[in-house]
Amino acid sequence: MRQFEVSARRRGPSMADVAREAGVSGQTVSRVSNGRDNVDAETRERVLAAMRKLGYRPNSAARALRSGRFHSIGVIMFTLSSFGNMRTLDAIASAATDAGYSITLIPVPHPTQGEVSVAFDRLSEEAVDGVIIIVEAHLLDESDVELPAGLPVVVVDSTAGDRYPVVDTDQAHGARLATEHLLGLGHRTVWHVAGPERSYSATGRRASWEQTLREHGAEVPPALVGDWTSESGHALGVELARDPDVTAIFAANDQMALGVLRALHEAGRAVPAEVSVVGFDDMAESASFWPPLTTVRQFFGEVGRRSVETLLHEVEGGRPRGTTLVDTELVVRRSTAPPPR
């Protein structure tokens with residue numbers, strides 16, 4: 001008898017308890033719990049007040065069984081350390097919350113077919129409505145990589161072939177803006193500190209840099225490949241600083257640009273009087289570099305918002321969309337100037 005009484009005391013408030021407290025029907029409480037709009041504002045507030053008073057929480061599992069929706073989005077991400085990925089993830093979480101969804105994050109240590117497939121299977125077990133994949137390596141655009149069927153998928157930062165909707169920054173346009181800015185100042189050519197070769201965004205920026213130089217009849221110097229870190233930018237900047245013919249450098253992200261700036265300062269090469277430097281990302285700290293960095297601004301918030309919007313369009317039965325590109329913007333600061341005469 002005592003055991004039964006303990007169990008009864010531990011039972012949380014029910015929908016019927018809320019209905020009695022608010023003086024409405026159980027059906028009205030159900031409508032409010034499910035976010036339906038066919039309840040007048042005064043009644044809704046009375047029901048919500050009763051829920052708060054009693055500590056009632058709608059049973060999301062039961063609601064999912066009734067509606068076939070879990071109101072949860074899965075996110076598979078290769079690395080949590082990069083500036084762009086974290087900004088994109090933050091925007092996805094905000095957009096999902098605004099839409100009434102939660103997110104479940106599965107980081108993958110290595111961007112391989114096996115690890116992505118395992119992460120996808122785990123999300124299937126976590127009861128999500130769809131998946132956003134942020135794996136910047138050339139993986140999903142390879143013909144032998146397939147994801148299990150059954151869940152809507154949106155890919156960020158990859159071509160993904162024609163199999164999945166893609167949302168990405170317009171990498172090519174951003175690199176063109178940076179390169180043309182330096183050429184327009186009068187530099188004969190532009191050297192490039194590129195990102196890792198397995199990175200889709202890095203290879204897109206590099207290809208656009210090279211194409212832009214060729215279109216303008218400028219010499220194409222060999223690209224120097226870094227790993228996105230300021231340390232790699234510094235090491236490559238040391239090489240570039242030794243060459244007096246180098247007057248303009250486009251780094252594939254702001255962190256590597258920071259390392260390049262340090263190397264130029266250490267070598268006594270004045271920026272921008274002797275060498276101009278442009279980055280890519282527009283980190284919050286870029287305006288505080290010395291000199292303040294000219295860079296290409298990415299709109300990570302828009303990428304995240306459109307990723308969620310595209311996924312929910314498919315979750316709700318819409319036809320899968322193709323590729324959505326988010327534009328970039330050149331932010332001119334004090335790290336660029338005409339070449340020395």
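Six strands make up an open sheet in the order 2-1-3-4-5-11, and their pairing is parallel. Strands here are DSSP runs of E with at least two residues, helices are runs of H or I with at least four, and both are numbered from the N terminus. Two strands pair if DSSP finds at least two bridges between them.

Before going on: this is a predicted model, where local features need pLDDT of at least 70 and side-chain atom pairs count only at pLDDT 80 or more, while totals for chains, interfaces and linings use all residues. Residues are numbered from 1 along each chain as its sequence is written, and side-chain values use heavy atoms, with hydrogens and water left out.

Strand 6 (residues 191–194) and strand 8 pair in the parallel sense over three bridges; His-192 stands opposite Phe-250 in strand 8.

Phe-250 also forms an aromatic pair with Phe-280, at 6.4 Å centre to centre and 40 degrees between the planes, which is tilted. The rule takes rings of Phe, Tyr and Trp (its six-membered ring) with centres within 6.5 Å; planes under 30 degrees apart are stacked, over 60 edge-to-face, and the rest tilted. Phe-250 is in strand 8 (residues 248–251) and Phe-280 in strand 9 (residues 276–281), so the pair ties together parts 30 residues apart in sequence.

Last, the helices. The axes of helix 6 (residues 83–98) and helix 12 (residues 300–315) come within 7 Å and cross at roughly 50 degrees. That makes helix 6 oblique to helix 12. Angles under 35 degrees count as roughly parallel, over 145 as roughly antiparallel, 65 to 115 as roughly perpendicular, and the rest as oblique. Axes are lines fitted to C-alpha atoms, for helices over the stretch in contact, and angles run from 0 to 180 degrees between N-to-C directions.
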